[in-house]
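Keep the sequence and the 3D view side by side as you read.

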Amino acid sequence: MNLRGWIARAWPAVPILAALLFTTILLVMFGASPIESLEAMIRGAFGDQSKTLSVIAFWIPLLLSSTGLLVTFTAGLWNIGIEGQIVMGAIAASWVALNLEAPSFILIALEIIAAMAAGGLWAGLTAVLKTRGRVHEIFGGLALNNIAIIFTNYLISGPWQPPEGGTFRGTQPFQAAALLPRYANSRFSPLSLVLLVIAFAMVVVALRGTFWGLKLKALGKNLRSAFLLGVSSEREVILAMLFCGALAGMGGAVRVLSWFDSLRQSISGGIGFLALLVVMLASYRILWVPLIAFFFSVVLNGSITLQLRTQLHSSLGGILTGVMVLFVLLFGDANKLRIFGKKKSHE
Amino acid sequence: MHIELREIRKHFGSVKANDGISFTLEEGRIYGLLGENGAGKSTLMKILSGYQPPDSGEILINGKPKQFASPAEALNNGVGMLYQDPLDFPPFRIVENYLLGKDGRAWLDYRAAEAELQGLAARYGFDIDLHAYVDSLSLGERQQLELIRLLAGGAQLLILDEPTTGISAEQQEKLFQSIHQLASEEGKTVVLVSHKLHEVQQLCAHAFVLRRGKLVGEADVPCSNEKLVELMFEQVPVRSVRPESQLGEPLVEIRDLTISTYRLALKNINLTLRRGEIFGLAGLQGSGQELLMQAVAGLVKPESGVITLKGRNVTGRSYHQMQAAGVGYVAAGRLEEGLVAGLTLTEHVVLAQPQYGFLVDWDRAKEETDARIRRYQIIGTPQTRAAELSGGNQQRLLFGLLKEPLELLLLEHPTRGLDLRSTDYIWELLYRRREAGTAILFMSADLDEIIERSDRIAVFSGGLMSRVVEAGKTSVEELGHLIGGQA
């Protein structure tokens, strides 16, 4: 492959580096040492085993959601409602954990299935609102996000309140059998990694090799032509949303069953929105998605230590990721910028 | 203004759309740019008008080299292009559309803009209601509007890309008059991109001929048609002869069909199509032909009436149900309604074929695509994206994607924008379809085409369908009267 090809391949790294540079300048302006901050961040992410495992544990639900979004983005859908789908998955898994009693493996299977069903249902609602009610998925998704969050707060402060009285922060911890088996007292569950690998492989195969993937691609690029070629737009839109919602729901289950041990107020922690950024940053390059999601996880987990070590607020991690997305949107498309001169433009 | 093109080159993938083209345009002359589909005419003119940059080569205006990053920049330098599809904003009013083209102002001065528009319209004899919405205009009126916008923007060189496709004869006459006026009285330079020889002969003083990306000749016109045809095609193509064929049993019956949209109402349409019949629909754009076809295709729900196919009532069935019943539909907008610009030929073939399982067999799909590329003589590879094909090849691909066999084929402007050879080829394909018993219902803006290719013809005028006439017993004059609404 020639140089130009390599540059094109590595292009997604450019906005990341630019964002790092921008953050460095910010740090210097606030009188902090960039080297020290970077070191603190890296130590925060990989300083010891439990920290590294935290990074992975955070990465798993993030990548599950991003993987689902790959499907909806391919179909040209803006599934902003993914946040609500994660929350509904978490609620469904919590319901099983709080109300059923069974051997651990059955309980866990039930929790995952319930979470996928709830996430899928929530996404399906957005899809039907779109195809039947002509409500754009962005607006439907935002509305359902709010409803899901309000529903969580209601459950925590009402029916699922711990017996000793509501704290507004979460339910009581689930029974031990309901939790995902975790590695070395960390928040990381190997089982969730297995589920993630299966889901990601399924999506790669679906998008690259199946009729369904091709139909979604056609719909995403030109709905009208795809319809005239014989693709049923309504069916595929609903299926894509259901698929994404199910993966997001699974992500929600992983959040309550291994990151936490109970249903909490902000159970998603913004993972859905973060996943949107990950997929946008990758701009259809499937194999970049796990790497970018991992990078986000490192930055966000590392900035917690950053705050302890330096006096900088941990929102620096948020600034870094936000700036990165901004840069991607600004100059993410090498072709549009005519970086390679005029030869590349295909109009 | 004096314009010189030097060694313009542009390639898309392995296709050399422009392969070192040089020529000079003098002030106040009308030039014709001829060539068959895919010869590189549109590419060259898009380069000249700033729509896309060349790979190499120079544009000199009054001796100075210029590079245009956008059509707006080209217009600032006096180069304006009228595209085949007008670049206007349908949901806007005309004044707004006009103001949109003039940026750099914080406040919109409606009054000044209206006065300016009125003045220009009066000067060139265009009659436009400034408060109308753009989407209520016909294609011809939108062209006039776009032309005025270019002139107001200071265009000294006007490029007209196939301006007569889809407009009425009357509008064409008016357009040609104003072009003449612009060149002779105001010293504007005009380039008419066309593959219609008689237009070039009628309007232009000089013609350049492109073939496969190269300038292969030029001539002062008028000259003999044979000379231009030979330059365009190397040899004079043989025209296909319309084979006579026997009509079969009735296939499609349309009874008292009524369709209403917010724009137009079709009332009590009655029509019978027989197997192997080619039925032509004439009329100005938006007179109801499209609506009838879309209703038969299942894209528009009729208000009342009955459509039967092979004796079965299929009224109100969905588009996909009609597709399954053997109805094919090819819309006019190739990349808007039919092909997906960003998908490859192979991906199109896979989508159009019946699904055979869960995973796509890409090797098998590529073979099938190769076979269709050969059968339909498409210039491209299985990996080529639809957007990279020329207009004629896009049309061939659309026909290559249709199911085999079909009961009924509905076609909107099947040969719009295609050159002689491609047009003939498309009709050969259609004749083969009718031999196999397919009924063909098509609409066209070209009355000669309708008379030459159809068995029977109906004319639409303001939502009303005329009596059905036999193609062999009618004339352009008679159809013209019917289009005007005179029975």
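How many bridges join β6(B) to strand β7 of chain B? Four bridges join them, and the two strands run parallel.

## About the model

This is a predicted model: local features need pLDDT of at least 70, side-chain atom pairs count only at pLDDT 80 or more, and totals for chains, interfaces and linings use all residues. Residues are numbered from 1 along each chain as its sequence is written, while chains are lettered from A and ligands numbered from 1 in the order in which they are written.

## A sheet in chain B

Strand β7 of chain B covers residues 157-161. Helices (H or I, at least four residues) and strands (E, at least two) are DSSP runs, numbered from the N terminus. Two strands pair if DSSP finds at least two bridges between them. In β7(B), B:Leu158 stands opposite B:Gly80.

Six strands of chain B make up an open sheet, in the order β6-β7-β8-β3-β9-β10. Its pairing is mixed. β6 (79-82) and β10 (214-220) of chain B are the edge strands, and each pairs on one side only.

## A loop residue

B:Val134 sits in the loop between α4 (110-123) and α5 (139-152) of chain B. Is B:Val134 buried, exposed or partly exposed? B:Val134 is partly exposed, with 19 other C-beta atoms within 10 Å. A residue is buried if 20 or more other C-beta atoms, placed from the backbone, lie within 10 Å of its own, exposed if 12 or fewer, and partly exposed in between.

B:Val134 and B:Phe92 are 42 residues apart in sequence. In space, their C-alpha atoms are 5.8 Å apart.

## Two domains in chain B

The domain assignment of chain B, automatic or from a database, gives domain 1 (3-233) and domain 2 (250-483). Their centres, taken over C-alpha atoms, are separated by 30 Å.

14 residues of domain 1 of chain B are in contact with 17 residues of domain 2 of chain B. Contact means that the C-beta atoms of two residues, placed from the backbone, lie within 7 Å.

## A helix in chain A

Helix α4 of chain A spans residues 49-74, 26 residues in total. From first C-alpha to last it reaches 37 Å, close to the 38 Å expected at 1.5 Å a residue. That expected span is 1.5 Å times one less than the number of residues.

20 of the 26 residues of α4(A) are buried, so this helix is largely enclosed by the rest of the structure. Just after α4(A), A:Gly76 takes a positive phi of about 80 degrees.
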